[in-house]
Amino acid sequence: MHEMSIALSIVEAVELKARQEGAGWISGIELLIGKLAGIEPDSLKFCFSAAAKGTLAAKAVLDIEEPPGVGECGDCAMRFPVSFYYAECPGCRSLRVKIVSGEEFMIQSITIEEGE
Amino acid sequence: MCDTCGCSSDGGAVLRKPGNSDYHVHVIDSGHGDDHSHDHGHHHHESGSRTVALQQDVLQKNNLLAERNRGYFEARNIFVLNFLSSPGSGKTSLLEKIIPLLQQRFPVAVIEGDQQTTNDAERIEALGVPVIQINTGSGCHLDALMVNSALKELDLQDNSLLCIENVGNLVCPALFDLGEAFKVVIISVTEGDDKPLKYPTMFHEADICILNKTDLLPYVEFDALKCRDNALRVNHHLAWFEVSAKTGEGLEAWREWLENKLKQR
């Protein structure tokens, strides 16, 4: 359940930013979680509600964008969608595949509100 | 409340030393500016709602602290390995076997990670190397802050080898950089040979894979070659070793590899 410690890191990061911006509370958090990032969005949402209790982010809605995995073949340079790490190049059957997208794990932005 | 010292700390990781039941240190984040106030000449907006960009890695705090650990290790020429596996695949047994082969030539120290008990630290202490136990409580992985706190309690020597034994778990520890030079994933032949495919993130993040308990191969349905193929499909950069911590078979190759890395620094 690393989602819990991750939820806590998110709360910590967004609270810090919100305080710096003089916000009253946080209404939304935009996250980028690649399909290969090793994070379950549903599990994260579940943990987030517990982690955010009593913080500026208590009422924040998580908006999660999930970019798909993209692999690049180390032999023929073809790019193709991948849904797991052990992908095979559909062009030349090579297994030397490098993941070029899908491992993102970012807090993109927050929406903050004035007042209580 | 902590049941050992009665302080107000609830939960969180604790450092312990074997054979000293009174010693314990709470891993506390001393904070990096969370409390300081910022005066940014308060902006006033027409609408009460606005979006602020962060573009920040979610694990940024851990990653920055891991880099700080890494800088400390580099400055003191300490070679650090992060050992990862499911519970029971033989991480501690492997350390018990490999440390005596190395400690004549290089100082060795160990950080043990477990949810509870100092059992593993006691086994390592019997080898006569400095060891500290991190009890993560409910935590399922070690993080860079726990390791950073442990470093301050461990009397590390320059030019040494530091082995960090992570919490037995093939999922969560993969995501948390501790500042190590290499991640070593261990799998035993009593697990399935498809484990690299079932837990690809761990094998993808690892630099070295050690197949342990090869002495049991005649008694189990485990195809070592298939397992190796599966692991290399997930990560074709993976260095692969097959050992038996019990009989010592295959340990020489792993020791040689390690010693070369230690000399190359």
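Which residues is Ser49(B) in contact with, leaving aside its neighbours within four places in sequence? I looked this up first, keeping in mind that the model is predicted. I found Ser27(A), Thr111(A) and Glu113(A) as the contacts of Ser49(B).

**Entry: Ser49(B) itself**
I placed Ser49(B) in strand β3 of chain B. Buried or exposed, I wondered of Ser49(B)? I counted 12 other C-beta atoms within 10 Å of Ser49(B), and because the cut-off for exposed is 12 or fewer, Ser49(B) is exposed.

**Entry: the strand pair across the chains**
I then followed β3(B), residues 49-57, over to chain A. Seven bridges join β3(B) to β6(A), and the two strands run antiparallel.

**Entry: the side of chain A that touches chain B**
Next I took in the whole contact between the chains. I have 30 residues of chain A in contact with 29 residues of chain B. On the chain A side, the elements that give two or more residues are α1 (2-20) and β6 (105-113). Sorted by class, this side of chain A holds 14 nonpolar, ten polar and six charged residues.

**Entry: helix α1(A)**
At 1.5 Å a residue, its 19 residues should span 27 Å, and the end C-alpha atoms are 27 Å apart, so the two agree. I went on to the buried residues of α1(A), which include His2(A), Ile6(A), Ile10(A), Val14(A) and Lys17(A). I was reminded that an α-helix has 3.6 residues a turn, so residues three or four places apart point the same way. What covers the buried residues of α1(A)? I found that the cover includes β1 (25-33), α2 (41-51) and β6 of chain A, together with β3 of chain B. Just after the helix, I noted that Gly22(A) takes a positive phi of about 70 degrees.

**Entry: the three-stranded sheet of chain A**
Last, I turned to an open sheet of three strands in chain A, with the order β4-β3-β5 and antiparallel pairing. β4 (79-82) and β5 (97-101) of chain A stand at the edges with a single partner strand each, so one side of each has no neighbour in the sheet. Within β5(A), Ile99(A) stands opposite Gly71(A).

Methods. Residues numbered from 1 in each chain as written. Chains lettered and ligands numbered in written order. Predicted model: local features only at pLDDT ≥ 70, side-chain atom pairs only at ≥ 80, totals over all residues. Contact = placed C-beta atoms within 7 Å. Helix = DSSP H or I, 4+ residues; strand = E, 2+ residues; numbered from the N terminus. Nonpolar A, V, L, I, M, F, W, Y, C, P; charged D, E, K, R; others polar. Pairing = 2+ DSSP bridges. Buried ≥ 20, exposed ≤ 12 C-beta atoms within 10 Å, placed from the backbone. Expected span 1.5 Å × (residues − 1).
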